[in-house]
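The exercises below each set a task and then work through its solution. Have the sequence and the 3D view open while reading.

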Amino acid sequence: MAEIRFRGEWQPLEADTIAKVGGHMGVYQLSSPKDAVVFIGYAGGRSVFGLRGELSNKLADNGRRDMWFRYEVTTTYLSRYKELLMVHVADHGSLPAENDANEQLGRLSPT
Amino acid sequence: MDLGLTDEQRMIVDTVRGFVREQIIPIERDLDPDADELPPADRARLVQMVKDMGLYCPDVPEELGGPGIDAVTFALMSMEMSQHAAGLYVPCYGVFGGSGLAQLFEATDDQKERYLFPTLRGEKKGFFALTEPAGGSDPAGAIETTAERDGDDWILNGTKHFISGADRAQFGITFARTDKSKGRDGVTCFIVDTDAPGFHIRRVIHTLRSAKYAMEIQFENMRVPAKNVLGEVNKGFAIARDRTARQRIPYAAVCVGVARLAQDMAIEYAKARSTFGKPLASRQAIQWMIVDNEMDIEHARLVTLNAAWKVDKGEPFVAAASMAKVVATEAASRVVDRSMQIHGGMGVAKELPLERWYRELRIRRIGEGPNEIQRMIIARDLLGTSLR
């Protein structure tokens, strides 16, 4: 059974680290400070330059905050994205602060 | 069987076709290519449009508040409603409503008030949970979920998987073993409330289909009132059988619709694209693929409409519905595969819906009863043999 919680090392949201990310479809998390997830997003079929493009856009919008990211490459980005949001709500009681509060979402009670 | 459409059927088909092209596709162009839902404001507007057209919940009988559209017309509608990117699993993104859980037509008046009518009004959502980790093709044999009587309640324990829509549902229809000694005659159908203690959604099951994902649910000492038994105790499997067989017809029809659109795209592309100074359409290799597509589509369309016609005539239809499911899912898979080949590299790009249909059609040959099971049903009809 696949791990439903995000794993992987946090990396600083900086141009150098983002440049090493591929242009694949997938999901990502942003945190600020480290380990405090503030946003979950995905690079879908219409994302220009995939994960690298989405993270670059986030860097451009980020202002001067210290921020970290981690990502998973997956073609099932929509179901994984929804799953990650539901897991976050199950663990923390609410969506990440910078996600759309009106997101159409189900509920999950992971073990 | 009259192969011509009545004036009313022609009008409905034209109306739905126009709705898909003028309302659904323009919105869909801005959505993710795997999207399965519309922005809420668009959805509300389009649901109202469908209600104003008198086509909301088209497969619901008049005595239950629907328009009572016959099976043939509903199949024709389904062939039109599916002609867009998300059309295979969410025709028109669900704005036409519909019975979905037609098993509730067999409910008591109290159950209809609490579950069916709110669902038809769009106030509640339900899920259907039959498949378990031990198997889905032989549910009567594979069901390990148990229900034990405790006073006025039943206590459910067990796991169901590949269940769509459970995470957003207010209730679900599920099946549990109430008498271990009786095989398929020891299974009971229950309506469960998802806000009750002991109901858990454990995980998303990621598949080829990123949209309309499936889930694993668990009943953990979940208390269900006896008034939520659907039908009779130990007779649950009969409820599953008839309605499930009937639903294979629109299941087949949406495959025909997707195949039709893939073929239209292939023909348009073959005429426009040139290689070595001539359009693809002039090449015999391409022509034969397009001809094979057309024969597949026409075969699937006629077999599907024949099954619907048997329903409307009150004739035995279970084998015909199975045949429609097999023929349409396999034909559509071939049509989309050939259409991708004609499109070359663009056929596998997410800029076109072909790659989505290709993935989703693979599931279609397994979902709603694998095609091997459908062939067993047809064989039983032809040979009079038991599946067991």
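**Exercise 1. Describe the sheet of chain A.**

Step 1. Four strands of chain A form an open sheet in the order S1-S4-S2-S3, with antiparallel pairing. Strands are DSSP runs of E, at least two residues, and helices runs of H or I, at least four, numbered from the N terminus; two strands pair if DSSP finds at least two bridges between them.

Step 2. Strand S1 (11-12) and strand S3 (37-43) of chain A are the edge strands, each pairing on one side only. The model is predicted: local features need pLDDT of at least 70 and side-chain atom pairs 80 or more, while totals for chains, interfaces and linings use all residues. Residues are numbered from 1 along each chain as its sequence is written, and chains are lettered from A and ligands numbered from 1 in the order in which they are written.

Step 3. S1(A) joins strand S4 (residues 68-73) of chain A through two bridges in the antiparallel sense. A:Pro12 stands opposite A:Trp68 in S4(A).

**Exercise 2. Find how helices H6 and H7 of chain B are oriented.**

Step 1. The axes of H6(B) (residues 236-272) and H7(B) (residues 284-313) come within 9 Å and cross at roughly 155 degrees. Axes are lines fitted to C-alpha atoms, for helices over the stretch in contact, with angles from 0 to 180 degrees between N-to-C directions.

Step 2. H6(B) is therefore roughly antiparallel to H7(B), a term for angles over 145 degrees.

**Exercise 3. Count the residues between the chains.**

In chain A, 20 residues are in contact with 16 residues of chain B (C-beta atoms, placed from the backbone, within 7 Å).

Conventions:
Angles under 35 degrees count as roughly parallel, over 145 as roughly antiparallel, 65 to 115 as roughly perpendicular and the rest as oblique. Two residues are in contact if their C-beta atoms, placed from the backbone, lie within 7 Å.
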